[in-house]
There are 2 protein chains.
Amino acid sequence: MLISELAELTGVSARALRHYEERGLLAPARNSNGYREYAESDVTRVAQIRTMISAGLGTSTIQRYLDCARTGDHGTFLEMCPDLRAELDALARRLDAEQAELRAKRSRLDGLVSPPLR
Amino acid sequence: MLISELAELTGVSARALRHYEERGLLAPARNSNGYREYAESDVTRVAQIRTMISAGLGTSTIQRYLDCARTGDHGTFLEMCPDLRAELDALARRLDAEQAELRAKRSRLDGLVSPPLR
DNA sequence: GTATGGGTTCACGCCAGCGTGAAGGTCAAG
DNA sequence: CTTGACCTTCACGCTGGCGTGAACCCATAC
């Protein structure tokens, strides 16, 4: 299938699909006229990519571990290898830190709005 | 006082102080040799700026409302004018949205790590 | 022929508060 | 005179997943 069709099937823009290819996440074949030719399996692959991106993983990390992705009836998950485990743990800590920072920022904002009682 | 002294007093880098000036948050005098000459009151002013930045306000917003800032025994707060109220409310909503998105991202990450039970 | 509606490869824009040299004046001290 | 520690003004780098043209090729219907 061509890029626009995959875009519609997955809900991901054609620009994003080309971007994923630049990042080494997809490797569609090319037909005689130079157009990208995607396989049926790429629909699943794109869904996995989107799931991983929406979980906060960067494209470089995804590129290294995309082959660990498995999709079942209850969504996408990753088969663990030690390096991947460490990487995801580090990400989890980063997200937790961001959450804490965001909460602090939010409460500082409240402090600005409500004058200190006196 | 010169920029390095203000930097030490406030704990803010000289680069940041120049940046605040670019953004219209500070307007130090210049002495004969072209060096920035800061007033004592700028120490308080910088503290107010830092408080507002750490609460998520952007420099352009700070520039418009810095004169509303009051510093008392219990920290910096802002005297409210209607426009400012609206601006801060919008910011609060944005922060809440970011928090929600961050929580969602975090739980998606957990979903990737723990394979679905079957 | 041509008007469309694809497809292609660059390559800059975004959001924002600074970090970090680069190249060069100022000035007190040795 | 010469360090050397300050100061000055540019101006690019960072973080990153795309949006958004720009300029151009392909293919089909009219």
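UniProt positions are given here in the numbering used for this model, with feature names shortened, and such annotations may be inferred rather than shown by experiment. With that in mind, the unreviewed UniProt entry lists a "coiled-coil region" that covers residues 81-108 of chain A. The structure is a predicted model, in which local features need pLDDT of at least 70 and side-chain atom pairs count only at pLDDT 80 or more, while totals for chains, interfaces and linings use all residues. Residues are numbered from 1 along each chain as its sequence is written, and chains are lettered from A and ligands numbered from 1 in the order in which they are written.

**Annotated spans of chain A**

- The end C-alpha atoms of residues 81-108 of chain A lie 41 Å apart, and this span is 96% helix and 0% strand, where helices (H or I, at least four residues) and strands (E, at least two) are DSSP runs numbered from the N terminus.
- The unreviewed UniProt entry also lists residues 1-68 of chain A, under "domain: HTH merR-type".
- Residues 1-68 of chain A have end C-alpha atoms 25 Å apart, and the span is 56% helix and 6% strand.

**How the two chains are related**

- The same surface serves both copies, since 100% of the contact residues of chain B recur in chain A.

**The interface between chains A and B**

- In all, 26 residues of chain B are in contact with 27 residues of chain A, two residues being in contact if their C-beta atoms, placed from the backbone, lie within 7 Å.
- On the side of chain B that touches chain A, the elements that give two or more residues are helix 3 (41-54), strand 4 (75-78) and helix 5 (82-113) of chain B.
- Helix 5 of chain B supplies the largest share of that side, 14 residues.
- By class, the side of chain B that touches chain A has 14 nonpolar, 8 polar and 4 charged residues, with Ala, Val, Leu, Ile, Met, Phe, Trp, Tyr, Cys and Pro counted as nonpolar, Asp, Glu, Lys and Arg as charged, and the others, Gly among them, as polar.
- Leu88(B) is found in helix 5 of chain B, and it counts as buried because it has 21 C-beta neighbours inside 10 Å; a residue is buried if 20 or more other C-beta atoms lie within 10 Å of its own, exposed if 12 or fewer, and partly exposed in between, with C-beta atoms placed from the backbone.
- Not counting residues up to four places away in sequence, Leu88(B) touches Leu109(A) and Val113(A).

**Helix 3 of chain B and what follows it**

- Helix 3 of chain B has 14 residues and reaches 20 Å from its first C-alpha to its last, close to the 20 Å expected at 1.5 Å a residue, the expected span being 1.5 Å times one less than the number of residues.
- Several residues of helix 3 of chain B are buried, including Asp42(B), Arg45(B), Val46(B) and Ile49(B).
- Gly56(B), whose phi is positive, near 100°, follows helix 3 of chain B.
- Gly56(B) and Leu88(B) are 32 residues apart in sequence and 9.6 Å apart in space, C-alpha to C-alpha.

**The surfaces near the DNA strands**

- DNA strand C is surrounded by 16 residues, of which Ser4(A), Arg36(A), Arg15(B), Ala16(B) and Gly58(B) are the closest; a residue is near a molecule or strand if its C-beta atom, placed from the backbone, lies within 6 Å of it.
- Helix 2 of chain B gives the most to the surface near DNA strand C, with 3 residues.
- Around DNA strand D there are 16 residues, and Arg15(A), Ala16(A), Gly58(A), Ser4(B) and Arg36(B) come nearest.
- Helix 2 of chain A provides the largest share of the surface near DNA strand D, 3 residues.

**A residue in a loop**

- Tyr35(B) lies in the loop between strand 1 (29-30) and strand 2 (36-37) of chain B, and it is exposed, with 11 other C-beta atoms within 10 Å.
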